[in-house]
Each structure stands twice: as structure tokens, then as C-alpha cells.
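Have a look at the sequence and the structure first, then read on.

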Amino acid sequence: MMKTIDKSGATRRGFLKGSAGGLAALGAGVNLFNINHAWSADAVYDGGVFDAGGATLNVAEWGGFWEEIVRKEMLDAFEKDFNCKIVYESSFPWFPKFVAGGPEKPPFAIANWNYGEMFKTAAAGDFFTPVDEVVENVPNAKNIWPFATATGVGITWSYTRYCYAYRTDLVDPPIKSFKDFWDEKYAGKRGTYVTSNGLQMDFFIAACALFGKDQYDLDAGYEAMKAAMPMKISDFTGNMQTLLERGEVAVAVQHDAEVYQMMDRGIKVAPYIWDEVKPILTQTKTVSKYLEPVQKKLAYALLNLTLDTKLQSVMCDKFYQRPVNKNVVVTPNLSSKGVSNTEDSTAGYWTPDWKSYNENEADIVETVNGIFAG
């Protein structure tokens, strides 16, 4: 018989605090499996260092230079301080790995996501610890901007702004609106991404919203993609940078961190940061719900360090990522571009309805791929 998981979202700390009610429930015949299992134990973290006794913590995050920096700046010391072993998985995507084992056998204790796949995984099962419970056990979460927890699924710890990157020597006048991308003079010189890339997903949803009635107006999005053809279609942002450097595209969908890096390398580019709608490319972490107490406590500790000003500043400096900790002063490479970390600068961020997008993804992918191929 399939076991039913409690999806009430009540915290284990709250359960223990309500011990009298718990005893009454026992008398009423509550499922003893869930009460006696290690999942029901209270995994509480207060911000200090503790001895994990050599426990293993499975982590999912990006590889390459990103992994090198995260290991150097945080993970190596974390393993020593907490007496644990980090097993780092960078073979994206995470969604199939989660659904393969189900909520009770999570492949990772803590995972780093972009929004689209995170929402898809959340919709597929009871995989993640409720955000309120995570915040309660991550002291540095009290210092982050409200938008960082607004999804109700994970905690955003770093992000960039969606924009167009354009060649300043090929585009005159400068790009000044979202719809400038469709100017006929850029035919064949526009760039976007394959439908599996999150930047194309956000670009499509924004086009639905700005050319149609709202973000759910798929037909308006399809017509916008048709009107933008011919376009250069790239698989990832690094390749788009190359196309921009070569002048093969004059304007491209991008996120601002990559544009700022190109500017600092002397490439003649500038960003138009989308202002009509403000989706953001986030780095968002979830803590798996059904973990043994030591793993969950370690996951809380690692997320707490991720939200610390030290790592936030490192990500600003090395990757041009914007911080979510209110106390971070942005590094010169960002402040010189006009980036700030203030309440006003974070106002109005918009999260598309990823539930709706995922429900319609098959139709969107098939239709847009047909437009790109045609």
C-alpha cells in the first residue's frame, strides 16, 4: 500500500511545541510511522558551527568556474568546520533526479535552481521544506529582501536582470524599449535561445504579456516570435556572447551580468534592462523536505552561509551577480554600471506564472520550435 505523506506544511518545531496537542492526537490514533520516523525529529539550526560526525551532504549546483569559486570561498571550509563531506552534483537538470525517487528519497539535500524547473519539481510532489520553516532555521534570512522568499518554494540568494544586449556600434539609436527588438532593421541580426533555455522562456512570456492581453496570451507570443524571424538561435549565453563579439547579432536576449562582463572586456555592448516587465534570472535554493535531521541541519547551515555578506560579495565580484542580503554593498564592477542594492532597486520584480507555463510547455515548445525551424 502506498504511504501517504503529510502535506500540511506544519513545522516540526511547531509540532514539538504543541506537545500536549500531539499527545491528544496520539490518543486519537495518529499514524505512528510518521511520528516515530527520523523525519519527525526537530532539525533546528541557530547559526552556529556543529560537528556533523562525518555526515554526507548531497548538493546540486552549477559546475565549471562557478563550482570552483563556491568550493574555494565556502564549501572547503564548510566541510572542515562542520566535519562533513560535500558531494557536489553539477549534471543538470535536477527535475528527473527528484521525480525518479519521489519526495521521501531526495537525491539532494539542497539544490540550486532557476525558476522554471524549480516550479515544475514543486508541482510534481511534496519535495521541499516550506519556506517559512527554512527561514525560521536560517538566521541570515532575516537580512534579505522580501522578493527573495516571495515564490513560496525556495529562497533566492543571487540574481541578475533580464535585458537585451546590443552592439553600441551597430545599433543607433540605442535600444529603449522591449519592443525595439522587433525593428525591421534588425532582421537576421536578432538573437534568442532554444526553447529549453530559461532566457527564451522568460522572453516568450514577456512577449505574451506585452503584445497580448496578459502573460497567458500564447497566441500573441507566437505571433511575436514569428514577427521576430529570422533570428539567430543559440543554445546558451556564452555562445550568444560570441555572436555579439563577432557582430553576427546586433541585439540579443541576455541577462545583465553577461553584458557587464563583456563591457569590462572592452566589447562595444550595452544593456537595455527590461522595464515594462521585470522578470529576474535567479539563483534559488531549496531544502528537501524528507531528510534525516543531520542532513537537514547541514542544509540549513549551508544556506545560511550562502546568504552571508561574504559569499554574496564574492558572487558580485566574480560573476556580476546581484545580492539579496540588504547589508551587501555592491562591488565596484557593478556599482560602476549603476547597479545598487536598495529597496527601491528591488521594487517591482515580476515572477511569471510558471505553473501555467509548465502546463502549456509541450504546446509552447512544439509551436515555437516550428517557428524557429520555418
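This is a predicted model: local features need pLDDT of at least 70, side-chain atom pairs count only at pLDDT 80 or more; totals for chains, interfaces and linings use all residues.

As for the inside, 52% of the 374 residues count as buried.

The chain forms 16 helices and 10 strands. Take the contacts in the protein with a separation of 6 or more: 75% of them are between residues 24 or more positions apart.

In soluble globular proteins, nonpolar side chains tend to be buried together. Here, the largest nonpolar core has 107 residues, and Tyr164 and Trp182 have the most contacts inside it. Both domain 1 (6–158 + 285–335) and domain 2 (159–280 + 351–373) give at least three residues to this core. Apart from it there is another core, of 8 residues, including Ala257, Cys316, Tyr320 and Val339.

So who does Trp182 touch, once we leave aside its neighbours within four places in sequence? Its contacts include Tyr164, Arg190, Phe203, Phe211 and Met225. Several alanines are on the list too: Ala207, Ala224, Ala227 and Ala228.

## Two helices that cross

Two packed helices are described by the angle between their axes and the distance between the axes.

Which residues make the contact? On the H8 side they are Gln200, Met201 and Phe204, while H16 brings in Glu361, Ile364, Val368 and Phe372.

Now for some loops. Phe92 and Pro93 are joined by a cis peptide bond, with omega at about 10°. You'll find Pro93 in the loop between strand S2 (84–89) and helix H5 (95–101). Another cis peptide bond links Asp172 to Pro173, with omega at about 5°, and Pro173 is in the loop between strand S4 (155–167) and strand S5 (190–193).

Asn83 isn't a glycine, yet its phi is positive, near 50°. Asn83 is in the loop between helix H4 (64–82) and S2, and with 35% relative accessibility it counts as partly exposed. Tyr320 is not a glycine either, and has a positive phi of about 60°. Tyr320 is in the loop between helix H13 (309–319) and strand S10 (322–323). Is Tyr320 buried or exposed? Its relative accessible area is 11%, so it is buried.

Notes
Residues are numbered from 1 along each chain as its sequence is written. Side-chain values use heavy atoms; hydrogens and water are left out. A nonpolar core is a set of buried Ala, Val, Leu, Ile, Met, Phe, Trp, Tyr and Cys residues joined through side-chain atoms within 4.5 Å. Buried means under 20% relative accessible area, exposed over 50%, partly exposed in between (1.4 Å probe, protein chains only). Domain bounds come from an automatic or database domain assignment. Contact means heavy atoms within 4.5 Å. Helices (H or I, at least four residues) and strands (E, at least two) are DSSP runs, numbered from the N terminus.
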